[in-house]
Structures are given as structure tokens and as C-alpha cells.
Amino acid sequence: LVPKFDYLSRWAVALIVGWTAGTNMMRYMQSDFVAQIQSTIVPLVVLDQGQVIWLSSISNIIMVTGVLCGLIYFFFSKEHTGAFGGAARVGIWFLMVTFGAAFGYTVMARISLLIGRMEALGRWLSHPLGGG
């Protein structure tokens with residue numbers, strides 16, 4: 001309201017934003033960032049009493065390959081040609097499949113909610129005291 005002291009509002013906003021970012025950074029790093037890295041660091045060959053567990057090993061190899069290829073796709077400091085470009089294209093496919101699965105899961109959850117509401121509406125309409 002007073003142009004002479006308008007700089008004081010910037011200090012207040014800077015203090016609030018800085019305090020919030022600083023206090024939430026450790027929580028974010030522990031809950032999201034480090035947990036994602038720990039989930040990616042897996043053994044490529046899973047052994048149980050000297051025997052290879054093939055399904056887990058193949059799953060881990062696919063996951064690590066997808067993560068590395070996805071990171072290569074987002075690495076824009078090098079031109080995507082040759083083997084690097086091939087890995088980037090594989091990364092695009094992994095990203096498309098992952099986003100498609102996430103979208104499909106979301107649609108499935110919404111349709112499940114719709115089915116539940118439709119069943120409740122049908123029971124309500126067929127009830128002797130409710131509906132028409």
C-alpha cells in the first residue's frame with residue numbers, strides 16, 4: 001500500500017518460501033528421492049540357495065534397463081544417434097508403456113467407481129419406497 005516500503009513484502013515472501021523449501025527438503029529427499037533410488041538398486045541375478053530365480057532376475061533386468069534407457073532419453077547433452085539413440089528409443093517405449101499402464105489403471109479405477117454408483121442407483125430405483 002505504501003510504495004516507499006514495498007520491498008518489505010518481498011522479504012516476507014522470500015522468508016516464507018525459503019523456510020518452507022528448507023524444512024520440506026529433507027522430508028522429500030527421504031520419502032521420495034532416496035526411496036526411488038533404493039528401489040532401482042537391485043541385483044540383476046537373484047539367487048536363492050545357489051539357484052537362479054529366473055522370473056525375479058528377468059524382472060530386475062527389465063526394470064534396470066528401463067530406468068537407464070529412460071534416463072538416456074532425457075539426457076539432451078549428447079545427440080541421440082547410434083547406440084545412444086537406440087537406447088533413447090527404447091527409453092521412449094518404456095515411458096509410453098509405463099504411462100499407458102498408469103492411465104489404464106486410472107481409467108479402470110474410475111469405471112469401478114462408476115459401476116458401484118450405477119449398482120447403488122439400480123437398487124435405489126428398484127426399491128419399493130425409493131425412486132419412481
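Axes here are lines fitted to C-alpha atoms, for helices over the stretch in contact. The model shown in these views is predicted.

**View 1. Helix 2 crosses helix 3.**
Two packed helices are described by the angle between their axes and the distance between the axes. Take helix 2 (residues 54–73) and helix 3 (residues 82–126): their axes come within 7 Å. They cross at roughly 110°. Angles of 65 to 115 degrees count as roughly perpendicular, so helix 2 and helix 3 are roughly perpendicular to each other. The crossing of helix 2 past helix 3 is left-handed.

**View 2. Residues that make the contact between helix 2 and helix 3.**
Helix 2 contributes I62, T65, G66, C69, G70, I72 and Y73. Helix 3 contributes F84, A87, A88, V90, G91, I92, F94 and L95. Sorted by class, the contact of helix 2 with helix 3 has 11 nonpolar residues and four polar ones.

**View 3. Helix 2 and its buried residues.**
Helix 2 has 20 residues. From its first C-alpha to its last, helix 2 reaches 28 Å. That is close to the 28 Å expected at 1.5 Å a residue. S57, N60, V64, G66, C69 and G70 are buried in helix 2. Their cover includes helix 1 (7–40), strand 2 and helix 3.

**View 4. Helix 3 and its buried residues.**
Helix 3 has 45 residues. Its span is 65 Å from first C-alpha to last, close to the 66 Å expected at 1.5 Å a residue. The buried residues of helix 3 are F84, G85, A87, A88 and G91. Helix 2 is part of what covers them.

**View 5. F84, a buried residue of helix 3.**
F84 lies in helix 3. Its relative accessibility is 19%. Buried means under 20%, so F84 counts as buried. Leaving aside neighbours within four places in sequence, F84 is in contact with I72, F75, K78 and E79. F84 and Y73 sit 11 residues apart along the chain. Their C-alpha atoms are separated by 8.7 Å.

**View 6. Q49, a residue in a loop between two strands.**
The loop holding Q49 runs between strand 1 (47–48) and strand 2 (51–52). Q49 has a positive phi of about 55°, although it is not a glycine. Is Q49 buried or exposed? Its relative accessibility is 79%, so Q49 counts as exposed.

How values were computed:
Residues numbered from 1 in each chain as written. Predicted model: local features only at pLDDT ≥ 70, side-chain atom pairs only at ≥ 80, totals over all residues. Heavy atoms only, no water. Axes fitted to C-alpha atoms, helices over the stretch in contact; angles between N-to-C directions. Helix = DSSP H or I, 4+ residues; strand = E, 2+ residues; numbered from the N terminus. Parallel < 35°, antiparallel > 145°, perpendicular 65-115°, else oblique. Left-handed = near helix turned anticlockwise from the far one by under 90°. Contact = heavy atoms within 4.5 Å. Nonpolar A, V, L, I, M, F, W, Y, C, P; charged D, E, K, R; others polar. Buried < 20%, exposed > 50% of the residue type's maximum accessible area, 1.4 Å probe, protein only. Expected span 1.5 Å × (residues − 1).
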